[in-house]
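Have the viewer open as you read.

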Amino acid sequence: MLSLNEPLINGYTLKRKMMSDIRINPPMLFIIVLFLTQAWSRVDLTPGHILDTEGIFLDETFYSGLIPITNKGFLFYWLFESRKDPTNDPLVIWLSGGPGCSSSLALFTENGPYTINDDLSLNSNPYSWNNIANLLFIDQPLGTGFSIGKELEKDQVGLGQNFYTFLIEFLEIFPQYKKRPLYITGESYAGHYIPVIASEIVRNKNSDLNLKGIAIGNGWVDPYNQVRSYAKFAYQKGLIDRTEYNEYQKDYEACKHLLQTDNYELGLLSCLVTTNRIIGNPARFNYYDIRKPCIGTLCYDFTLIERFLNQPDVRKILRVPETTWFTCNMMVNQALFLDNMRSYSKEVALLLESKIEVLIYSGDKDFICNYIGSEVWTNSLQWSGKSHFSSKIYKNYEKYGQYKSYNGFIFLIMYDSGHMVPMDQPEAAVNMLQRFINGWENYENKFIVTF
C-alpha cells in the first residue's frame with residue numbers, strides 16, 4: 001500500500017511526442033438512466049510535448065499518455081505490463097461504456113491493478129487482468145476522462161476510425177505489440193464500440209494488428225432485441241407485477257415498431273419513458289445490480305476515484321493537462337444520443353465470419369443490459385452458425401454460471417453478478433479471460449488461475 005504522501009515512482013523515463021499549439025474546450029454507464037450534469041472549464045495546452053510516463057507505481061510497470069487523433073483531439077491511455085510475462089503475453093484492451101464514461105472506472109473498481117482506500121492510498125488487486133496479459137485502458141470517445149476532444153463524434157463510424165488511428169500510433173510508440181495477439185474487451189455501451197472498432201481492424205487488414213477476439217460484458221449491442229427484455233426481466237425478478245408486465249410489454253412493442261422503421265429518436269424516447277416507469281423516480285432499485293440500492297446518479301459512489309485522479313501529483317505522473325477528471329462526460333453522451341438505439345449485431349456477425357472469437361457475458365443481477373436480452377440477440381444473430389448456436393444446451397461454468405458456445409461464439413451467464421462482472425466476481429472474471437485467450441473449448445470447465 002502506497003500513500004500519495006510518499007514517493008510515487010521509483011524511477012521513470014520520458015518519451016516525447018510533438019504536438020501543435022492548440023486551444024481546446026474539453027468537453028451512465030448507460031444513456032437511458034443517465035441524468036448527469038457537468039461543468040467544463042476552458043483549458044490551454046502550452047506548445048511543446050506530450051510526455052509518456054514509464055515507471056513503477058505500487059510495483060506495477062505502467063505507461064500513460066495522450067495520442068493525437070488527427071486534428072480532433074487526443075485519446076488518453078494507461079498501459080500496465082503483464083505481471084507474468086510481459087514479453088510474450090497478449091495485449092488486452094479495456095473500454096468502459098456510457099457513452100462518455102472513463103475506463104478508469106474499471107481500472108479502480110473492476111479488473112485493474114489497483115483499488116483505492118479512503119485515505120487515497122492504493123491497494124494491489126490480486127485479480128487484476130494484468131495477471132495474465134498486458135492491459136491497456138483507453139478513455140474514449142474523444143472528450144472522455146482524461147482524453148481531449150475539440151470535435152465530438154455523433155456516430156460509431158467516426159469513433160471506429162479514431163480508434164484505428166489510435167492503434168496505429170500506439171504501435172509506433174510501443175512496437176513490441178505489433179503482431180502480438182490482441183483482444184478488445186469492455187462492458188455496457190462498449191457493446192456499441194467494440195464491434196465497430198473490431199470490424200474496422202478486420203476491414204483494414206493491417207498485419208501489425210493481430211486481432212484474436214472480443215469480449216463484451218453486459219453489453220448494449222442490439223437494442224431492438226434487448227429493450228424488449230426489460231418487462232420480462234423485471235417481472236421474473238419480482239420488480240413489477242403481472243398487470244404492469246402486460247402494460248409495459250405493449251409499450252415496448254410500440255417502441256420496437258419505431259425502431260423497425262429506423263425512427264431511432266422517437267423509438268428511444270418511447271423506450272425511455274417505459275423504462276423509467278419500471279425503474280421509478282427516484283430509482284426503486286439499482287438498475288445495474290437489483291440486489292442493491294441506487295446511490296447517486298450512477299447508482300454507485302465513485303467519489304474516491306474522482307478525488308484520487310484529480311490530485312495534482314497524480315495528474316503530473318500521468319502527464320495529463322490540469323483539467324478536472326469526471327466519471328462520465330455528458331457532452332460526449334449527448335453527442336451520441338441518436339446512436340443509442342442502433343444495433344451493431346451485424347458487425348458481430350462479420351467478426352464471427354472472419355474467424356474472430358466473440359465472448360458475450362452477462363451478470364444475472366443486472367437490469368439495464370440484462371442476460372435475457374443478451375440471450376435473445378445472440379440467439380437471433382444472423383450468421384452461418386446461427387442454428388447450431390441457438391440450439392446448444394447450456395453447460396455449467398463451475399459454480400459461477402452457465403455457458404454455451406459454437407465455432408468461436410460464446411454466451412456466458414455469470415451468477416451473483418450485476419452489470420460489472422469483474423467487480424462482483426473478480427476471480428471468475430480473470431479466469432474467464434484466461435480461458436478465452438487460451439481457446440474456450442480447449443480448456444476443461446475448471447478454473448486455471450490461482451493466487
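## A strand on the inside

All six of the six residues in strand β10 (residues 134-139) are buried, so this strand is largely enclosed by the rest of the structure. Buried here means under 20% relative accessible area, exposed means over 50%, and partly exposed is in between (1.4 Å probe, protein chains only). Helices (H or I, at least four residues) and strands (E, at least two) are DSSP runs, numbered from the N terminus. N134, L136 and I138 point one way from β10, while L135, F137 and D139 point the other way, and all are buried.

This is a predicted model: local features need pLDDT of at least 70, side-chain atom pairs count only at pLDDT 80 or more, and totals for chains, interfaces and linings use all residues. Residues are numbered from 1 along each chain as its sequence is written, and side-chain values use heavy atoms, with hydrogens and water left out.

## Its neighbours

Strands pair if DSSP finds at least two bridges between them. β10 pairs with β6 (residues 73-80) in the antiparallel sense, over five bridges, and F80 sits opposite L135 there. With β7 (residues 91-95), β10 runs parallel, joined by four bridges; W94 has F137 as its bridge partner.

Most residues other than glycine have a negative phi, and most peptide bonds are trans. G98 and P99 are joined by a cis bond, with omega about -5 degrees, and P99 is in the loop between β7 and α1 (104-109).

T70, not a glycine, has a positive phi of about 45 degrees and counts as exposed at 57% relative accessibility. C299 also has a positive phi, near 70 degrees, but counts as buried at 2%.
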